[in-house]
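Student: I am new to this structure and would like to go through it by question and answer. Please show it first.

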Amino acid sequence: MTLDADDLAAGMRELARTDAPPMRLDVAAVRAKARRRLRRRTAAKVVGGILACGVLLAGVAVVNGGDEVTVASVSQGDDPLVAHAAFGWLPESVLGVSHVVGAHGDQVMARSGGEWGMRLWLAMHEAADDPPVEDGRTALPAPPVNGRRAYWITKDAGDPLNGGEAFLRWQVTGGRWAELHGYYLKEADPAAVLLRIAAGVTIGTRPVPLPLRIDGLPESLDVTEVHFWRPGFTDDTTWELAMFYAGPGGASVTIQVSPLKMPGNPCRSAAGLHVCVDAKGVDPDDLLRRITLLGADERRWTTQVVTP
Amino acid sequence: MAGSSARDDEFTDYVSARSAWLRQVAFLLCGDWHGADELLQVAVTRLYLNWSRVRAVENPDGYARTVLVNAYLAERRSSWVRRVIPFTGDEERPAADGDLDGVLDLRRALADLPPRQRAVLVLRYYCDLSVEETAVTLRCSQGNVKSQSARGIDRLRRMLHPRAEEVSS
């Protein structure tokens, strides 16, 4: 039995019908409290603005002070997608490596085919003497990776591979910790395979080659997210790239490239690929004309994606 | 005063009519009814503060749902979550005619998801929003909704059917 969308929807409906205690919402109290807040808001508008800035800055500080450092990110340079760590050796069953980067989290994942194909997620953590270990988990020593300390992170101290959802963390350049998170592992010796994959991971920033070139992207546009699914999101035999840009005055652009035809307008096909542009505040037809598709052979892909 | 009273009546009517539904969404987001009540209180207060805007929108339910989800995600980022007692499985019982074990398992599994993944799944599969509508609610891209959905369902599968992968391999 597998969990599909219908199962999940039905399960959630049933869960929402769980016997519940009486609701504690007091609408009159809510109104009174909100009115007091409205009065304070009016009286302290200027102070409130300053405080709001403070809260915002504090929020940024929290984000920057978080434990996880990014494994890939967007870039406003020639290539909108850069990786800060990369897989090296991977089992033959792996079909490709996907990058999903932007404001909502950065992910690098390698996967095998099929619904239950092996998933391998790469992540990075800040420099520290010891590996990061979440509450309720234990760090069990693993064989060194490239001569550096390594640990299995597990909920069960008697099971390094954590019931098949394995986390391997090992120290890399600069004292940071790399993480390999693997599941649906079908290998005969999953621990040895994960250690070998970890040994092949390289640390360092490098642009990810992409299958298009854009000549003269408006300078006011900044890339906000890049999703490069290899293989495709739901299809093992293809791939899809989506790049999201934002500009002043609410301008936004989404560029999608795939070997498959996609819904959207305007679109164009060339070199065995299809590209669609969705734009607000920018002429999509003009932008489409500026795009050169480089074909399905990734040896022809480029890191000079955006040219003046 | 008459305007204020009319506004209050309108607000009260809306909340009275929709609070049960909003509470269910809040429950699915945060996983316990007491937390759902706190979340509902926060969201309804924000609705009152912005009532003129709620009245002007075409879809007040969508607005209220967005406020609720934002309140949930904000709470998860704050120290409030540290005060929440983790789910132990015996606080409330599922409705008697349902699959007790299945519902409790789903509740535990949902509780183990990161907040944003959980919000995506609740919006997509309980509120029945499209990928596009979910992206608008969460102010993120459609691709992000897709990836969060996939990762969330993946994780639920592993938690709910740990042996299914062996069977299907």
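Student: Is Cys276(A) buried or exposed?
Tutor: A residue is called buried under 20% relative accessible area, exposed over 50%, and partly exposed in between (1.4 Å probe, protein chains only). The relative accessible area of Cys276(A) is 4%, so Cys276(A) is buried.

Student: What kind of model is this, and how are its parts labelled?
Tutor: This is a predicted model, in which local features need pLDDT of at least 70 and side-chain atom pairs count only at pLDDT 80 or more, while totals for chains, interfaces and linings use all residues. Side-chain values use heavy atoms, with hydrogens and water left out; chains are lettered from A and ligands numbered from 1 in the order in which they are written, and residues along each chain, as its sequence is written, are numbered from 1.

Student: Which residue is joined to Cys276(A) by a disulfide?
Tutor: A disulfide is a covalent bond between the sulfur atoms of two cysteines. Here it is assigned to a pair of cysteine sulfur atoms within 2.5 Å, and a search over all chains finds one. The S to S distance in this link is 2.0 Å, and the partner of Cys276(A) is Cys267(A).

Student: What handedness does that link have, and how accessible is Cys267(A)?
Tutor: The angle about the S-S bond is 105°, and the link of Cys267(A) and Cys276(A) is right-handed. Cys267(A) counts as partly exposed because its relative accessibility is 33%.

Student: How many helices and strands does chain A have?
Tutor: Both are DSSP runs numbered from the N terminus: helices are H or I, at least four residues, and strands are E, at least two. In chain A, which has 308 residues, 45% of them buried, the count is five helices and 19 strands.

Student: Where does Arg230(A) sit, and which residue makes a polar contact with its side chain?
Tutor: Arg230(A) lies in the loop between strand S13 (222–229) and strand S14 (240–246) of chain A. Contact means heavy atoms within 4.5 Å, and beyond four places in sequence Arg230(A) has contacts including Gly96(A), Trp239(A) and Trp301(A). A polar contact is a pair of N or O atoms within 3.5 Å; within protein, one must be able to donate a hydrogen and the other to accept it, and residues adjacent in sequence count only if both atoms are side-chain atoms. At 2.5 Å, the side chain of Arg230(A) makes such a contact with the side chain of Glu298(A).

Student: How much area is buried between chain A and chain B?
Tutor: Buried area is the accessible area (1.4 Å probe) that two parts lose on being put together, summed over both. The contact takes 48 residues from chain A and 59 residues from chain B. Carbon and sulfur atoms give 63% of the buried area, which is about 5,100 Å².

Student: Which residue of chain B meets Arg31(A) in a salt bridge?
Tutor: Arg31(A) is in helix H2 (residues 27–43) of chain A, and it counts as buried because its relative accessibility is 18%. Its contacts in chain B include Phe11(B), Thr12(B) and Tyr48(B). A salt bridge needs a side-chain nitrogen of Lys or Arg within 4 Å of a carboxyl oxygen of Asp or Glu, and four are found across the interface of chain A and chain B. At 3.6 Å, N to O, the partner of Arg31(A) is Asp8(B).

Student: Which element gives the largest share of the side of chain A that touches chain B?
Tutor: Elements that give two or more residues to this side include helix H1 (5–16), H2 and strand S6 (119–125) of chain A. The largest share is nine residues, and it comes from H1(A).
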